[in-house]
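Thanks for making time this morning. Before I go through a few residues, please bring up the sequence and the structure on your own screens.

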Amino acid sequence: MAAWEQAAGYCEQAIQISDEIGFAQACNEGRLSLASVHLHAGELDAARKTAQAAGTHEYSPTAADVALILGITLARQHKRDAASQAFTDAVRSADILIEQTNDNYHALDIKALALCGLALVHRPEHLTKASTAFCAARA
């Protein structure tokens, strides 16, 4: 069994358990992990569908992560407008976390990556903002 298949299997087990017990955080994070596995394995349709499913299990600490994975997947599928919306959602969700604590380095990284995504699909002017966010995450 390939490593990607094994990782996906573990994620699917986690999703099944979290769905059975109704634990929203685990429902979201299990799907986020599975979407990431699919994305890394090049399974873009599965990554998109799984990221969209993760978004239906609202858990605000990972909303930016889910939107970023969705945006990357959509960009790789050449769906620029949908990718732009997902990247914009990732920036908004990251900003909410940053407002709560401005030293949330993970949220700053997610924001920077989402701004890079926006620069790639539509708006190159976001590169300066992305650079600022990356610098803030390492300050």
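Predicted model: local features only at pLDDT ≥ 70, side-chain atom pairs only at ≥ 80, totals over all residues.

Residues are numbered from 1 along each chain as its sequence is written, and side-chain values use heavy atoms, with hydrogens and water left out.

How many disulfides are there? If a disulfide is taken as a pair of cysteine sulfur atoms within 2.5 Å, the count comes to zero. For Cys 11, the closest cysteine sulfur belongs to Cys 27 and lies 13 Å away, so it is too far for a bond. For Cys 135, the closest one is in Cys 116, at 11 Å, which is again too far for a bond.

On accessibility, buried means under 20% relative accessible area, exposed means over 50%, and partly exposed is in between, using a 1.4 Å probe and protein chains only. Cys 11 is buried, at 12%, whereas Cys 135 is exposed, at 52%.

Now the helices, which are DSSP runs of H or I with at least four residues, numbered from the N terminus. Thr 50 sits in helix α3, residues 44-55, and counts as buried because its relative accessibility is 13%. Leaving aside residues up to four places away in sequence, Thr 50 touches Arg 31, Leu 34, Ala 35 and His 38, where contact means heavy atoms within 4.5 Å. Ser 131, in helix α7 (residues 126-137), is partly exposed, with a relative accessible area of 40%.

Note on methods:
Helix = DSSP H or I, 4+ residues; strand = E, 2+ residues; numbered from the N terminus.
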